[in-house]
Amino acid sequence: MQLLLSSYGFFDYKEYIDYHGEDYFSLAHIILMIIATILLISLTILLRKTKEKNVKIFLKVVSVLMICLEVLKISWETYYDIKLGHGFNYGGLLPLYTCSMFMYVLPFAAFAKNEKIQNVAYAFLTTISIFGGLTNFYLLQILHFYPLFTYATFASIFYHFMMSFTGLFLLATKTYTLKLKDIVVGWIPVLIFSLIVLPISYYLQSKGYYPDYMLIMHGNGAPLLPKMSSFFINHNLQLVYSIIVIVGYMLISLLIVSIYKLIMLLFKKKKLVSN
């Protein structure tokens, strides 16, 4: 209904839309979150007995699909940026975000023959990737730039939904079982990726861009991080802030592993009581 009554089209670029973030946590946004949450939980439960062979097929299909959709989205936005004379958006459109790691790590889970490499991918997908998908789904940052019923928003919703679902699916099917060591193992891809993102971000900043890939420059959109980054920047310690954020991602894997272990413990107790 909102789209039918609006003055913009589904595929319109943000600069063609008179919008100022009104849909962020609007009633429509909240309803969509509720529906998606029900769908996420339902699919995880219904598909928990999926055979290993079909899980592998799912991973392979999704790994290719996510990359294709990301290329399509970047190409779509770049077309308008160039058309409007802005040029390529190096400061915000490069796929160097923490969530971008989902499409980079997923192929290792789907196609890697080396079990150790595959397990590192699994550990990331079932910890930091789940958290990133959920937080970016509920705190939908794209709604600060695009209305809810637009291509850009739906692309973001689908991407982050798949991030969360893929990790939960791997856990529910017991394709992967989280262990305490995965607090560190799940963080390894973040460390490797940050070694690429960090120098690129500082180079772009030196050229006058305002990058915030992986939140390692300014922490925009995250609680507390913008104030924290301002403090370090004001004391000429931005690199220290960047390192703290990179190491801090390990807290996310700690949180997810702890929740997983607690849930498994509760199920075990419930099973003992029923017996």
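**Stop one: the cavity**

There is 1 cavity of 30 Å³ or more here, a cavity being a set of points on a 1 Å grid over the protein atoms alone where a 1.4 Å probe fits but cannot get out. This is a predicted model, where local features need pLDDT of at least 70, side-chain atom pairs count only at pLDDT 80 or more, and totals for chains, interfaces and linings use all residues. Residues are numbered from 1 along each chain as its sequence is written, and side-chain values use heavy atoms, with hydrogens and water left out.

Select A36, T37, L40, G133, L134, F137, Y138, H160, F161 and S164: they line the largest cavity (lining residues have an atom within 4 Å of a point). Its volume is about 40 Å³, the space filled by probe spheres set on the points, which are joined across faces, edges and corners. The largest share of this lining, 4 residues, comes from α6.

Next, pick L171, Y260, I263, M264 and F267, the closest to the centre of the second largest pocket among its 24 lining residues. A pocket is an open set with protein on both sides within 12 Å along at least five of seven lines. This one holds about 900 Å³ of space.

**Stop three: around M162**

Finally, show M162 with F58, V62, M66 and F102, its contacts (heavy atoms within 4.5 Å) once neighbours within four places in sequence are set aside.

Note on methods
Helices (H or I, at least four residues) and strands (E, at least two) are DSSP runs, numbered from the N terminus.
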